[in-house]
Each structure stands twice: as structure tokens, then as C-alpha cells.
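Student: Could you walk me through reading this model? I'd like the general idea each time, then the case at hand.

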Amino acid sequence: MGETVIFRCRRNSVRAERMDWGMKNRLSRIIKPETGRTVMLAVDHGYFMGPTHKLEEPRKTTEPLLAHSDAIMCTRGVLRTSINPGSTVPIVLRVSGGASIIGESLTNEAITTSVRDAVRLNVAAMALSIFVGSAHEHQTLTNLGKLVNEGEEHGIPVLAVTAVGKELEKRDARYLALACRIAAEIGAHFVKTYYCEDFGKVVKGCPVPLVVAGGPKLETELDAFQLAYDAIQDGAVGVDMGRNIWQSEHPVPMIKAIREIVHGGVTVREAQEVYDRSKNTKEQVILRPSLAR
Ligand code: R5P
């Protein structure tokens with residue numbers, strides 16, 4: 001019998017048989033086997049930025065969005081204080097930190113949360129940042145290695161975030177392809193990166209699924225739809241988006257429209273229609289009802 005492909009991106013597939021049941025099951029809770037895609041909601045910004053605009057009260061921000069998210073990326077502090085434990089949404093737990101936006105260096109991160117606590121919190125995956133090319137490259141890459149070792153032991157997948165700190169201009173295909181490949185080589189089970197020109201090169205060189213961050217809020221909703229659309233077309237398995245959703249004037253219509261792009265394969269124009277109709281009528285606008293969480 002052939003191998004079962006559980007996650008698809010344009011060029012790469014993850015063969016489920018390589019993984020143990022627990023690891024497969026946790027990843028399938030995040031990257032939905034029905035479409036091979038995911039819409040993760042990122043709300044971990046406070047771990048280095050403090051009370052970020054529109055995320056001042058994490059519970060208020062996240063509650064209306066939970067039902068539309070395939071996973072929530074947050075720290076244990078936000079999880080324990082602001083997410084209802086009765087919720088069934090899978091958690092991708094940020095376990096790295098130790099630097100702040102006003103400190104000397106954003107790249108000086110350590111692992112701040114134990115795997116034992118991640119197990120206690122019943123998370124679907126653990127996430128940490130790597131800063132390739134920075135003064136703390138070695139430290140953050142060896143953090144990743146250690147986390148993967150422990151993740152493998154407990155059946156918990158690891159999401160590596162190819163972070164750039166304040167150097168946003170680093171986000172080009174050459175740099176991101178290097179960082180994503182290194183993350184995969186060290187054993188990350190999936191990687192979060194930025195969308196960029198020639199993103200196909202980043203996908204081609206990375207043998208594990210990629211999700212893209214939204215980055216700072218873009219000028220219009222249409223820009224965010226375009227980013228999500230292009231990333232999916234070029235082979236990402238989804239988004240791990242924060243500010244472009246919850247800093248929008250209409251976060252729920254926004255995430256519904258992003259879901260339609262990621263899971264429903266709609267165009268940017270159709271996504272804009274979903275957004276407009278949903279925002280104006282508050283009606284349940286879902287082009288493909290089967291894709292609702
Ligand atoms: C940054 O390191 C944080 O981990 C965020 O999760 C990430 O940047 C995604 O959020 P956004 O779409 O707001 O960039």
C-alpha cells in the first residue's frame with residue numbers, strides 16, 4: 001500500500017508514515033486533512049511587544065475569532081488567562097522568548113516554557129523563533145534542536161518561526177529559503193515564514209510545510225487577501241496571521257474571507273466580496289459551508 005499524504009503543498013508533501021500516531025494526530029488538528037491547509041490565528045505578539053494595539057485584552061480579541069481559527073498561536077500566559085479551556089481549538093504554544101522590543105536585541109531568545117508544561121496544557125504544537133544570520137544564530141538554532149528532541153519524545157510537533165527582529169528588509173527569498181531550510185534540517189515539523197517575491201524558491205527548498213505570517217498591518221484588506229492568495233498559489237499550506245486580522249475594523253469578516261482563500265480556493269476579488277457582505281450584513285457568508293470550522 002502506498003504512503004498516505006496528509007498535507008499537500010504545491011511542491012512538497014509530508015508523508016504521514018514518517019511520524020508516530022500522536023505527532024500525526026496533532027499536526028492533523030492544525031493542518032486540516034480535508035484541504036491540507038490551515039488558518040492559524042497568531043496572538044503571541046505580547047511576548048516581546050507588550051499590549052499590542054487591538055490585542056490589549058487578549059480574551060476580547062480572541063473570543064469572537066476562535067470559531068473561525070484552525071489553531072491559536074499564543075503563550076502560556078495568554079492561554080491560561082484568556083482562552084476558555086472548554087474550547088476545542090488546537091493550541092500552538094509559543095515557548096521561546098526572553099527579549100523585548102525596548103531591549104538591546106530582539107534575537108537573544110531562550111526556551112521559556114518547558115515541554116512538561118506544554119504537555120500539561122494539551123497543546124497541538126510548540127513554536128519558537130530562530131534568528132538566522134543574527135548575533136544569536138547559534139543559540140536560537142540549538143534551542144530549536146533541543147525543542148525538536150523533546151517534541152519527538154512526546155509526540156509534539158515543532159513550528160520554527162524564521163524571525164527577523166527589527167530587520168524587516170531581510171525578508172527576501174534568498175534569506176528566507178536559507179532560514180526555512182535550516183529549520184527543516186534541524187527537524188522542525190513545519191515552518192512559519194514571511195511571504196516574499198519568488199516565494200516558490202522558499203517552498204522548493206523546504207521539505208516541510210510552510211505557513212506565512214501576515215506581518216505589520218497592510219494598508220487595505222485587499223492587500224492582505226492578495227498576500228494570502230499569493231502564498232497559497234506559491235505553495236504555502238496556510239497562514240499564521242495576526243495583525244491583519246485583529247487590527248482590521250472587522251476581524252470576523254476578515255478571518256472568514258481569509259478562510260475562503262486558504263480552504264476554499266477563492267480569488268482575491270471573491271474574498272473581498274465575502275468580507276464586504278459579512279461586514280455589512282453580519283450574515284454567515286460562507287461560499288463553501290463544508291469548510292466552516
Ligand atoms: C512574531 O514573531 C509573532 O510570532 C507573530 O505570531 C507573527 O509575526 C504573526 O503575526 P502577524 O501576522 O501579526 O505578523
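**Reading the fold, one feature at a time**

Tutor: Let's start with burial: Leu-79 counts as buried because 20 C-beta neighbours lie inside 10 Å. The rule is that a residue is buried if 20 or more other C-beta atoms lie within 10 Å of its own, exposed if 12 or fewer, and partly exposed in between, with C-beta atoms placed from the backbone. Keep in mind that this is a predicted model: local features need pLDDT of at least 70, side-chain atom pairs count only at pLDDT 80 or more, and totals for chains, interfaces and linings use all residues. Numbering runs from 1 along each chain as its sequence is written.

Student: Where is Leu-79 found, and which residues does it touch, not counting those up to four places away in sequence?

Tutor: First, two residues are in contact if their C-beta atoms, placed from the backbone, lie within 7 Å. Helices (H or I, at least four residues) and strands (E, at least two) are DSSP runs, numbered from the N terminus. Now the case: Leu-79 is in helix H4, residues 76–82. Leaving out residues up to four places away, Leu-79 touches Cys-74, Ile-91, Leu-93 and Leu-121. Leu-79 and Leu-121 are 42 residues apart in sequence, with 8.6 Å from C-alpha to C-alpha.

Student: How much of the whole chain counts as buried?

Tutor: Of its 293 residues, 49% are buried. The chain has 12 helices and 12 strands. Among contacts with a separation of 6 or more, 64% come from residues 24 or more positions apart.

Student: Which residues touch the most other members of the largest nonpolar core?

Tutor: A nonpolar core is a set of buried Ala, Val, Leu, Ile, Met, Phe, Trp, Tyr and Cys residues joined through C-beta atoms within 7 Å. The largest one here has 89 residues, and Val-92, Met-126, Ala-188, Ala-228 and Ile-258 touch the most other members. Take Ile-258: setting aside neighbours within four places in sequence, its contacts are Val-39, Ala-228, Val-239, Met-241 and Ile-245.

Student: How do I read a helix, say H6? Which of its residues are buried?

Tutor: Check the span to begin with; the expected value is 1.5 Å times one less than the number of residues. H6 (residues 137–154) has 18 residues and reaches 26 Å from first C-alpha to last, close to the 26 Å expected at 1.5 Å a residue. Its buried residues are Thr-140, Asn-143, Leu-144, Leu-147, Val-148 and Gly-151. These sit on the same side of H6 because they cover an arc of only 135° around the axis, the arc being that of the directions from the helix axis to the C-beta atoms. The face turned away from that buried side carries the exposed His-138, Thr-142, Gly-145 and Glu-153.

Student: What covers the buried residues of H6?

Tutor: The cover includes strands S6 (96–97), S7 (110–111), S8 (125–130) and S9 (158–162), along with helix H7 (173–186). Following H6 is Gly-155, with a positive phi near 75°.

Student: And H9, what covers its buried residues?

Tutor: H9 spans residues 221–233, and its buried residues are Glu-221, Ala-224, Phe-225, Leu-227, Ala-228, Tyr-229, Ala-231 and Ile-232. Their cover includes H8, strand S11 (210–213), S12, H10, helix H11 (251–262) and helix H12 (268–281).

Student: Where is Asn-122, and is it buried or exposed?

Tutor: Asn-122 lies in the loop between helix H5 (115–120) and S8. Asn-122 counts as exposed because it has 12 C-beta neighbours inside 10 Å. Its phi is near 60°, a positive value in a residue other than glycine. Asp-198 likewise has a positive phi, near 65°, and lies in the loop between strand S10 (190–193) and helix H8 (199–204).

Student: Last one: how many residues surround the ligand?

Tutor: A residue is near a molecule if its C-beta atom, placed from the backbone, lies within 6 Å of it. Here 15 residues surround the ligand, and the closest are Ala-42, Ala-213, Gly-214, Gly-242 and Arg-243. Strand S12 (238–241) and helix H10 (243–246) each supply at least two residues of that shell.
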